[in-house]
Amino acid sequence: MEYLPKDPAILVSCINMLLRDEEYDSLEQLCYAFGREPQEVKNYLDHYGYVYCEEQKQMRPKGFDE
């Protein structure tokens, strides 16, 4: 993969896959590898209803754990 996708659903899927398959140890490491700022990615996905769960190391829909 040369870049992170712009479509929010595909971006969430890619982030979760890369973290699950242990390609990267953290969201920060993954973002820097693709030339993106972690907070930028978090803010972008927050707008579409996703938050990052540090404990699970994955993007999740807002309210999933409530």
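Good morning. I begin with aspartate 46, which counts as partly exposed because its relative accessibility is 34%. On this scale, buried means under 20% relative accessible area, exposed means over 50%, and partly exposed lies in between, with a 1.4 Å probe and protein chains only. The model is a predicted one, in which local features need pLDDT of at least 70 and side-chain atom pairs count only at pLDDT 80 or more, while totals for chains, interfaces and linings use all residues. Residues are numbered from 1 along each chain as its sequence is written, and side-chain values use heavy atoms, with hydrogens and water left out.

Let me stay with aspartate 46 and its partner. The side chains of aspartate 46 and lysine 62 meet in a salt bridge, at 3.0 Å from N to O. The term salt bridge stands for a side-chain nitrogen of Lys or Arg within 4 Å of a carboxyl oxygen of Asp or Glu. Aspartate 46 belongs to helix H3 and lysine 62 to the segment after E2, so this pair ties together parts that are 16 residues apart in sequence. Helices here are DSSP runs of H or I with at least four residues, strands are runs of E with at least two, and both are numbered from the N terminus. Lysine 62 is itself partly exposed, with a relative accessible area of 43%.

How many salt bridges are there by this rule? The count comes to 4. One of them joins aspartate 21 to arginine 20, with the closest N and O atoms 3.3 Å apart. Arginine 20 is exposed at 58% relative accessible area, whereas aspartate 21 is partly exposed at 43%. Another brings together the side chains of arginine 36 and glutamate 40, at 3.3 Å from N to O. Glutamate 40 is partly exposed, with a relative accessible area of 40%. Arginine 36 sits in the loop between H2 and H3. Setting aside residues up to four places away in sequence, arginine 36 touches Leu4, Cys31 and Val41, where contact means heavy atoms within 4.5 Å.

I turn now to helix H3. Its buried residues are Pro38, Val41 and Leu45. They cover an arc of only 65 degrees around the axis, which puts them on the same side of H3; the arc is that of the directions from the helix axis to the C-beta atoms. These buried residues pack against H1, H2, E1 and E2. Just after H3, glycine 49 takes a positive phi of about 95 degrees.

Next comes helix H1, which runs over residues 8-20. Why does the distance between its end C-alpha atoms agree with expectation? At 1.5 Å a residue, its 13 residues should span 18 Å, and the ends are 18 Å apart. The expected span is 1.5 Å times one less than the number of residues. At the start of H1, a side-chain oxygen of aspartate 7 reaches to within 3.1 Å of the backbone nitrogen of alanine 9. Just after H1, glutamate 22 takes a positive phi of about 60 degrees.

The buried residues of H1 include Leu11, Val12, Ile15 and Asn16. The buried residues of this helix pack against helix H2 (27-33), helix H3 (38-47), strand E1 (50-53) and strand E2 (58-61). Asparagine 16 is buried, with a relative accessible area of 16%, and it touches Gln58 and Met59, not counting residues up to four places away in sequence.

Which residues have the most contacts inside the largest nonpolar core? They are Leu11, Ile15, Leu30, Val41, Leu45 and Met59, in a core of 14 residues. H1, H2 and H3 are the elements that give two or more residues to this core, and H1 gives the most, with 5. A nonpolar core is a set of buried Ala, Val, Leu, Ile, Met, Phe, Trp, Tyr and Cys residues joined through side-chain atoms within 4.5 Å. In soluble globular proteins, nonpolar side chains tend to be buried together. Beyond neighbours within four places in sequence, methionine 59 is in contact with Val12, Ile15, Asn16, Leu45, Tyr50, Val51 and Tyr52.

Lysine 57 is partly exposed, with a relative accessible area of 39%. A polar atom of its side chain lies 2.9 Å from the backbone oxygen of aspartate 25. Lysine 57 and leucine 27 are 30 residues apart in sequence and 7.5 Å apart in space, C-alpha to C-alpha. Thank you.

Notes:
Polar contact = N/O pair within 3.5 Å; in protein donor to acceptor, adjacent residues only side chain to side chain.
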